[in-house]
Every structure is written in C-alpha cells, then in structure tokens.
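Hi,

Here is the structure I promised to pass on. Have a look at it first, and my notes follow below.

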Amino acid sequence: MNSTSLCRSRQPFLRQHHQRSRPARGPRSLRLAIFAGLVVAAAAEAGPSGPLPPPAVLNADELARTRAALAAIVQEPTVAGAPPETFKRVHAKLKQAFPRTFSTLDIEPIGTSLLLKWPGRSALAPFMLLAHLDVVPVDPGTEKNWKVPPFSGEVVQGALWGRGTLDDKSSAVGILAAIESLLEGGYTPERTLLVALGGDEETGGSAGAALVAATLKQRNIRPVFLLDEGYAVIDGAIVGVSRPVAMIGLAEKGYLTIRLRSQGPGGHSSMPPEHTAIGQLARAIARLEDSPLPSRLDDPMRSGLEALAPHMPGAQGLALRALWLTSPLVRHLLESKPATAAQIRTTMAVTMISGGVAENVLPEEAVATVNFRLLPGDSPQDVLDHVQRSVDDEGITIEVVTQGSSAPSRVSSTRGIGWESMSETLARVMPDAVVAPGLTIGGTDAKHFEGIAEQVYRFLPMRLNAEDLARIHGLDERIPLSNLDEFPVFYKTLIEIVNKNSHQDPP
Ligand SMILES: [Zn+2]
C-alpha cells in the first residue's frame with residue numbers, strides 16, 4: 001500500500017492534501033498509522049457535559065526540564081543497529097532529568113526496553129503507558145536537506161527539531177515528566193502504573209515490547225488498559241469538521257505477506273509453451289487483483305461514522321446519520337479511494353516480482369510478493385482461502401512469509417475506565433478537540449499486548465496538520481514547543497483522572 005500519496009482527486013469526506021512522494025519505511029510506520037487517520041474520524045464529543053475542572057499544571061521549571069530532556073535524547077541516534085551504549089546514554093539522560101522517578105519507581109530493563117512500575121495503594125489491576133525510544137534512520141543522502149541537523153535537538157522558530165521529536169521520544173519524556181511532577185507533589189497513585197519504554201518499535205518490537213508483554217503474561221499481570229502511540233490530534237483533515245479531531249485507535253490492522261510462485265520447463269524461447277511461468281503468474285496476479293476482499297462497515301468504522309455525522313455538513317452528514325439506509329452507498333464511496341478503502345477492507349498489494357534470466361531463455365520460475373493489511377475480524381487463513389479461490393490455478397503455489405506477520409487486533413471498547421479517563425482528560429487538556437475512535441492502519445508496539453491488556457488504545461497528544469504528517473519518518477521532523485508542553489500535562493491529568501475514577505470503581 002502506498003502510504004505516502006493521497007489521491008488529489010475529490011475525496012468523499014476529506015480535504016485534499018498533496019503529500020510529497022517519499023519511499024516507504026517499512027510496515028511499522030507511525031506516519032502510516034496517522035495518515036490513515038486522516039481518512040476516518042469517527043467523532044464523538046468527549047467527556048461529561050458541563051464545565052470541567054482545569055487540567056493538571058506543570059510549572060515553568062518542569063516544562064523547561066521536559067524540553068531539555070527531549071533535546072538531550074534526540075541527540076542520541078537510537079536507530080536500529082545502534083550500539084547498546086546509545087540506548088544506555090538515553091536511559092542515563094532520562095534518569096538525570098527525572099531523578100525522583102528513577103529513584104522511586106521500580107525500574108527493570110527487559111531486552112532493549114525499560115519497564116517502570118509505580119505501585120499503587122490498591123490491589124486494582126494496573127494501567128499502562130507505552131512509548132518507544134528508538135527512531136527511524138535519516139537517509140544519509142537527505143541529511144543535508146534538513147533545515148536543522150536531525151540529531152541536534154535544537155530549538156528554532158519555537159519548535160524543537162530532530163528525529164524522534166514526533167515519533168515518539170516526546171511521549172517518553174512527557175510520561176516521565178508527568179510522573180516526576182506528581183512525585184514532587186507527594187502524589188501516591190491508587191492504581192499501579194506501568195510504563196514501558198521500547199527500544200525497537202520501528203523494527204517490530206520483538207526484542208523490546210514483545211518481551212515486556214511476555215514478562216507481564218508470565219507474572220499474570222493484566223493491565224486494565226494500555227495507551228500507546230498510533231493516532232494524534234489532526235487539524236483540518238475532515239471536511240466540515242472545523243475543530244481538531246483527537247483520534248484514538250481502538251484497533252490496528254494485521255499484516256501478512258505471501259508469495260505466489262509458478263514454474264515452467266525452461267528451455268529455448270524459440271519453442272515456447274502457450275504460457276510461460278511468467279505468463280501464468282501474470283494471469284494469477286490479474287485474477288487476484290480483480291477479486292479484492294469484500295469491504296464492510298464494521299466497528300470501529302461504523303460507530304465512528306455515526307458519531308461523526310453531527311459534525312458533517314449537508315448531504316454527507318445526512319448520509320452518515322442514516323447508515324441503516326445509506327450503508328451500501330457510503331461503503332461504495334469509501335471503496336472508491338485507496339485511503340478510505342483501507343479503512344473498510346483487508347487490502348492487498350502486489351509489491352515485488354521476479355522471474356527469467358535472459359531474453360531468449362524460458363523462465364523456470366516466476367515469483368510475486370503480495371502484501372495484505374488485515375481488517376479486524378479477518379484471519380490470515382481467511383485471506384489464504386480467498387487467494388486460493390481467486391487464483392484458482394493448481395500450477396501456482398502460495399507461500400506465507402511468516403516474518404513480520406501479525407493478526408489484526410481486537411477492537412477495544414469505548415466504555416470503561418480507559419476510554420472514559422482519556423475522554424475526560426482530552427476534554428480538560430484539549431477542549432478545542434473532538435474525540436474520535438478509529439482504526440490504526442500501521443503497526444505499533446501495542447499489538448504485543450493483545451490478550452494481556454484488557455483494552456488497548458493508540459493515541460498521542462500530538463497536534464498535526466497535513467504538512468506535519470510528512471515530517472514523521474521524513475524531513476524536518478520537529479515539534480512546536482507549545483505542543484510539547486501539552487504532553488506532560490496530558491499524561492499528568494490522565495494519571496490523576498484514572499486514579500480518581502479508580503476510587504469510584506468497586507475493587
Ligand atoms: Zn513510533
């Protein structure tokens with residue numbers, strides 16, 4: 001799937017954005033995840049009605065310390081394959097910036113991750129916050145194109161620049177700054193808080209988040225909810241919705257790659273069979289592309305659209321208010337554009353092909369690679385059955401590439417302490433935003449906690465417009481200081497609200 005270009009023609013529910021074309025950086029891209037979020041926001045008004053108490057406060061020193069901590073760790077290029085000392089220096093810098101946190105909480109290195117535990121007073125199940133400290137590399141050929149060097153952490157024009165400022169080091173320092181501030185105020189949580197800071201999210205999390213998840217499982221610890229990256233506060237993306245939309249991912253798509261292989265007799269091309277291995281493979285690909293997997297308007301998409309309806313103008317809003325009647329039409333409109341189609345079906349993309357060695361030699365083999373992103377509810381076996389039926393050729397073998405594959409997640413609930421606490425937090429911290437559930441297209445570390453955390457949500461308090469989206473994994477990644485300051489406020493408020501709501505919950 002092309003994650004970086006959005007068709008410029010008319011989008012049914014979207015403003016049009018022109019994205020600079022840029023090579024894809026692998027399946028686990030936050031940009032990809034958020035990009036998809038441009039497409040659909042299932043919007044709902046946040047929190048209880050009536051005036052709300054103000055958000056938590058951090059003083060100027062605490063905010064300055066957060067900024068300085070981010071600058072310090074941006075200066076460490078924590079790319080895949082970086083020496084372990086690079087990560088150790090990051091951990092040391094965080095410890096230096098947030099000394100109370102590192103001396104009060106239980107700190108446990110697990111693989112490339114750090115697991116922090118802040119014990120609560122009660123025996124209630126913990127809640128969990130996730131962030132990652134690794135970053136994608138900067139293409140050496142493009143480094144000179146950055147306005148500010150990518151590992152400088154400099155503040156220029158009111159923003160802190162560098163790789164990781166959007167994805168996802170701001171979240172790590174935001175969480176730690178929130179805890180530090182609460183500790184300085186003498187706060188003790190009711191409910192235990194777990195924080196995992198991953199070291200290899202961008203390459204799949206197998207040596208980081210996956211090991212943390214396995215550790216929790218082994219200890220029979222089941223967080224009541226978990227919050228990771230995956231979506232953000234998107235501005236100006238949805239036609240008719242003038243307010244920013246805070247999208248919270250309730251689920252993420254699965255990932256599956258297969259190879260189609262055909263074989264031929266070889267020999268001289270002067271006496272060919274009716275179809276060569278390449279021709280046979282080409283026919284299989286054509287049949288497959290002509291048989292897309294069926295689309296469907298399930299949750300979180302469906303309830304999302306229904307909730308979005310009041311914010312939509314004119315006919316669009318009317319159509320979304322009556323999905324019981326208009327669902328086939330709406331589905332048809334969503335299917336017509338790649339970005340929206342990806343929200344309602346398992347997508348497939350033929351991404352690689354090889355075969356043949358010389359122009360006058362019959363190919364003995366031809367191979368095509370097909371990448372699928374699975375909608376929640378579709379299993380890998382469902383996809384393989386579909387491929388088999390569509391290709392319908394015994395001469396084509398189908399192989400699964402197991403590396404990197406993941407099943408789609410469950411769909412988390414918009415009820416319960418996690419969702420309600422996040423909604424209440426956003427209503428206080430970002431009262432300008434509309435809260436919206438959605439489906440995350442890209443992968444995150446959160447997927448490793450499937451079946452371990454009861455509910456899994458994907459959201460960062462990061463404000464993005466279409467131009468900012470291209471900076472994630474791209475050129476000139478930077479975060480405005482005004483937005484960076486919202487991170488610790490968001491997490492501090494969230495921790496307080498979760499604990500307040502835990503008091504109200506029966507044990
Ligand atoms: Zn990330």
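Before the helix pair, a word on how axes are drawn: they are lines fitted to C-alpha atoms, for helices over the stretch in contact, and angles run from 0 to 180 degrees between N-to-C directions. Helices (H or I, at least four residues) and strands (E, at least two) are DSSP runs, numbered from the N terminus. Do keep in mind that this is a predicted model, where local features need pLDDT of at least 70, side-chain atom pairs count only at pLDDT 80 or more, and totals for chains, interfaces and linings use all residues. Residues are numbered from 1 along each chain as its sequence is written.

Now the helices. α2 (residues 60-74) packs with α3 (residues 84-97) at an angle of about 170 degrees, and their axes are 10 Å apart. That makes the two roughly antiparallel (the word applies to angles over 145 degrees). On the α2 side, the contact is made by Arg-65, Ala-68, Ala-69, Ala-72 and Ile-73, and on the α3 side by Val-90, Lys-93, Leu-94 and Ala-97; being in contact takes C-beta atoms, placed from the backbone, within 7 Å.

There is also an open sheet of three strands, in the order β4-β5-β17, with antiparallel pairing. Strands pair if DSSP finds at least two bridges between them. β4 (155-156) and β17 are at the edges with a single partner strand each, so one side of each has no neighbour in the sheet. β5 and β17 are joined by three bridges, and Ala-159 sits opposite Pro-480 of β17.

Most residues other than glycine have a negative phi, and most peptide bonds are trans. Two peptide bonds to look up are cis: Asp-167 to Asp-168, with omega about 5 degrees, and Asp-299 to Pro-300, also with omega about 5 degrees. Asp-168 lies in the loop between β5 (159-161) and α5 (169-184), while Pro-300 is in the loop between α7 (277-289) and α8 (301-308).

As for positive phi, Asn-220 has a value near 60 degrees and His-473 one near 65 degrees. Are these two buried or exposed? Asn-220, in the loop between α6 (209-218) and β7 (225-228), is exposed, with 7 other C-beta atoms within 10 Å. His-473, in the loop between α14 (466-469) and β17 (478-480), is buried, with 26 C-beta neighbours inside 10 Å. The cut-offs are 20 or more other C-beta atoms within 10 Å for buried, 12 or fewer for exposed, and partly exposed in between, with C-beta atoms placed from the backbone.

Cheers

Technical notes: Parallel < 35°, antiparallel > 145°, perpendicular 65-115°, else oblique. Contact = placed C-beta atoms within 7 Å.
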